[in-house]
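Have the sequence and the 3D view ready as you read.

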Amino acid sequence: MAGITLAQAETQLAAYLAAETAVLSGQAYELAGRSLKRADLQFIQSGIDTWNNRVKSLAATAAGASRSRTVIVRG
């Protein structure tokens, strides 16, 4: 994920969500030069999963949630 910002990931996720809505409405949709139709719904949903995971990961990193910590208990 090097080089991808949270804003870019959110933009991509929004595009895939819009594509899914259009396909579910029975329309064709064009994304990144590819014409997507109802038959491509699985491709779109896979993209949604991919970008949703990237958004979550980047958001967690930005919030500091991805920092690992080591706890040593001495007794």
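## The big picture

Of this protein's 75 residues, 24% count as buried. Keep in mind that what you're looking at is a predicted model.

The protein has two helices and two strands. Starting at the N terminus, the elements run α-β-β-α.

## Meet helix H1

H1 covers residues 6-24, which is 19 residues. From its first C-alpha to its last it reaches 27 Å, close to the 27 Å expected at 1.5 Å a residue.

Which residues of H1 are buried? They are Ala-9, Leu-13, Ala-15, Tyr-16, Ala-19, Glu-20, Ala-22 and Val-23. Just after H1 comes Gly-26, which takes a positive phi of about 85°.

## How H1 and H2 pack

Two packed helices are described by the angle between their axes and by the distance between those axes. Here, the axes of H1 and H2 (residues 41-62) come within 9 Å and cross at roughly 155°. Angles over 145 degrees count as roughly antiparallel, so H1 is roughly antiparallel to H2. The crossing of the two helices is left-handed.

Who makes the contact? On the H1 side, the residues include Leu-6, Ala-9, Leu-13, Tyr-16 and Glu-20. On the H2 side, they include Phe-43, Ile-44, Gly-47, Trp-51 and Arg-54. Sort the residues of this contact by type and you get 16 nonpolar, four polar and three charged.

Find Ile-44 in helix H2. Is Ile-44 buried or exposed? Ile-44 is buried, with a relative accessible area of 0%. Ile-44 and Ala-18 are 26 residues apart along the chain, and their C-alpha atoms are separated by 9.7 Å.

Now look for Ile-4, in the segment before H1. Its relative accessibility is 23%, so Ile-4 counts as partly exposed. Which residues does Ile-4 touch, not counting those up to four places away in sequence? The answer is Ala-9, Trp-51, Arg-54 and Leu-58. For one of these, Arg-54, the C-alpha atom is 8.9 Å from that of Ile-4, although the two residues are 50 apart along the chain. Trp-51, Arg-54 and Leu-58 are also among the H2 residues in the contact with H1.

Terms used. Residues numbered from 1 in each chain as written. Predicted model: local features only at pLDDT ≥ 70, side-chain atom pairs only at ≥ 80, totals over all residues. Heavy atoms only, no water. Helix = DSSP H or I, 4+ residues; strand = E, 2+ residues; numbered from the N terminus. Expected span 1.5 Å × (residues − 1). Buried < 20%, exposed > 50% of the residue type's maximum accessible area, 1.4 Å probe, protein only. Axes fitted to C-alpha atoms, helices over the stretch in contact; angles between N-to-C directions. Parallel < 35°, antiparallel > 145°, perpendicular 65-115°, else oblique. Left-handed = near helix turned anticlockwise from the far one by under 90°. Contact = heavy atoms within 4.5 Å. Nonpolar A, V, L, I, M, F, W, Y, C, P; charged D, E, K, R; others polar.
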